[in-house]
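Look at the sequence and the structure below.

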Amino acid sequence: MNQGPVNNRTGENDGAVQPAKRAELLVLCSIDGMRPDALRAADTPAMDSIIARGAICWHARTVAPSETLPAHLSMFYGVDAPARGLCGEGGLTPGRPRIPGLLDIAHEAGLKVGAFYNWGPMCVISQPDSLDVSYYINQRRRHRTATDDDAVVRVAIEHLETMSLNVIYLYLGVLDNEGHQEGWMSPAYMAALENADRCVGWLVEAIARLGKTDSTVLMVVTDHGGRGYAHGDESDECMIIPWMMAGPGIKQGYEITGPVRIFDTAPTAAWLLGLDLPVEWDGCPVTEALAQQC
Ligand SMILES: [Zn+2]
């Protein structure tokens, strides 16, 4: 068991912060293209309740370019993936990095891992053998609809109820699609955000039905914002993202004031699962949001 978050650059234990209890289940949900001001404006009771019983950073930062795969690679592999040259030609054509990711180290530690998503390229977030279950929903339509996010969550819940999964990743892609089609902050975009929140609510309810609320860490994140009908640049609208989590070992009702980088996601999740952080990772657990052990 770890004695505290380890700073990979110095190899030193950087504080007395320790999780009160290792999470038995960690659910990481990425809602593609979610701007913090949209989250504040929309009717999102499920995420509001996570914020109330957990911690949120309203000014986390993604990586440049603010694109989906570079951001998700950074999220899962604990590094600024484009800066580290992991995103291929032009930063947009990544394969699987040759460093361990969050799902890989969870699998290596004997945890059961599932990934559920509705965008095919998302498969690069882990090595294929690291997943006990993987479910890709391809609706074969250019313009996805709310039902495509609903399907991801329904299938994930079915597997949560029938398998003893320890780490679940869900990717909801409809919000970004509405941003590209109708514009960021448009009524259609806001409706998609509210539907994504309903999906998060189903997850929260399923975890409660299974009696796992007190042993589950729920992280809800995103990859980038957007403006107009696009994203990818380094504007605040694209780069600044909300980042939240709740569960054992996490402060309650806490607003994170310090910096959070998207590549701190994997280190924070690994820490809450009691996993050692790979030396290749540059990100750090967001210790500001971790509860002190009594
Ligand atoms: Zn995206």
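This is a predicted model: local features need pLDDT of at least 70, side-chain atom pairs count only at pLDDT 80 or more; totals for chains, interfaces and linings use all residues.

A residue is called buried if 20 or more other C-beta atoms lie within 10 Å of its own. T216 has 21 other C-beta atoms within 10 Å, so T216 is buried.

T216 belongs to strand 6. Leaving aside neighbours within four places in sequence, the contacts of T216 are A23, E24, L25, V27, I207 and G247. The chain also brings T216 and R22 to 9.1 Å from each other, C-alpha to C-alpha, although 194 residues separate them in sequence.

Another residue of strand 6 is V217. V217 is buried, because 24 other C-beta atoms lie within 10 Å. Not counting residues up to four places away in sequence, V217 touches A23, L26, M245, G247, P248, I250 and L272. V217 and E24 are 193 residues apart in sequence, and their C-alpha atoms are 8.1 Å apart in space.

Eight strands make up an open sheet with mixed pairing, in the order 4-3-5-1-6-7-2-8. At the edges stand strand 4 (133-136) and strand 8 (254-255); each has a single partner strand, so one side of each is left without a neighbour in the sheet. Strand 3 (residues 113-117) and strand 4 run parallel and are joined by four bridges. In this pair, Y117 has Y136 of strand 4 as its bridge partner. Helix 7 (residues 187-209) packs on the sheet and touches strand 1 (25-31), strand 5 (167-172) and strand 6 (216-221). The direction of helix 7 makes about 170° with that of strand 1.

Strand 7 (residues 240-246) pairs with two strands of this sheet. With strand 6, the pairing is antiparallel over three bridges, and M219 stands opposite M245 in strand 7. With strand 2 (residues 54-61), the pairing is antiparallel over six bridges, and here C57 stands opposite W243. Is strand 7 enclosed or open? Six of its seven residues are buried, so strand 7 is largely enclosed by the rest of the structure.

I241 is part of strand 7. I241 has 25 other C-beta atoms within 10 Å and is therefore buried. Not counting residues up to four places away in sequence, I241 touches M34, P36, A60, T62, T222, H224, G225 and I262. The C-alpha atoms of I241 and W58 are separated by 6.5 Å, while the two residues are 183 residues apart along the chain.

The helices come next. The axes of helix 6 (residues 174-182) and helix 7 come within 8 Å and cross at roughly 175°. An angle over 145 degrees counts as roughly antiparallel, which is why helix 6 is described as roughly antiparallel to helix 7. In this contact, V174, L175, E178, G179 and E182 of helix 6 meet A188, Y189, A192, L193 and A196 of helix 7. Sorted by type, the residues of the contact are seven nonpolar, one polar and two charged.

How many of the ten residues of helix 3 are buried? Ten of the ten are, so helix 3 is largely enclosed by the rest of the structure. The buried residues are T68, L69, P70, A71, H72, L73, S74, M75, F76 and Y77. They are covered by elements that include strand 1, helix 4 (102-108), strand 6 and helix 9 (265-272). Just after helix 3 comes G78, with a positive phi of about 65°.

The last step is to look at the nonpolar residues together. In soluble globular proteins, nonpolar side chains tend to be buried together. In this model, the largest nonpolar core has 93 residues, and those with the most contacts inside it are L26, L103, L170, L172 and V220. Helix 7 gives the most to this core, with nine residues. One of the residues with the most contacts inside the core is L26. Leaving aside its neighbours within four places in sequence, L26 is in contact with V167, V217, A269, L272 and L273.

Key. Residues are numbered from 1 along each chain as its sequence is written. Two strands pair if DSSP finds at least two bridges between them. Two residues are in contact if their C-beta atoms, placed from the backbone, lie within 7 Å. Axes are lines fitted to C-alpha atoms, for helices over the stretch in contact, and angles run from 0 to 180 degrees between N-to-C directions. A residue is buried if 20 or more other C-beta atoms lie within 10 Å of its own, exposed if 12 or fewer, and partly exposed in between; C-beta atoms are placed from the backbone. A nonpolar core is a set of buried Ala, Val, Leu, Ile, Met, Phe, Trp, Tyr and Cys residues joined through C-beta atoms within 7 Å. Angles under 35 degrees count as roughly parallel, over 145 as roughly antiparallel, 65 to 115 as roughly perpendicular and the rest as oblique. Ala, Val, Leu, Ile, Met, Phe, Trp, Tyr, Cys and Pro count as nonpolar, Asp, Glu, Lys and Arg as charged, and the others, Gly among them, as polar.
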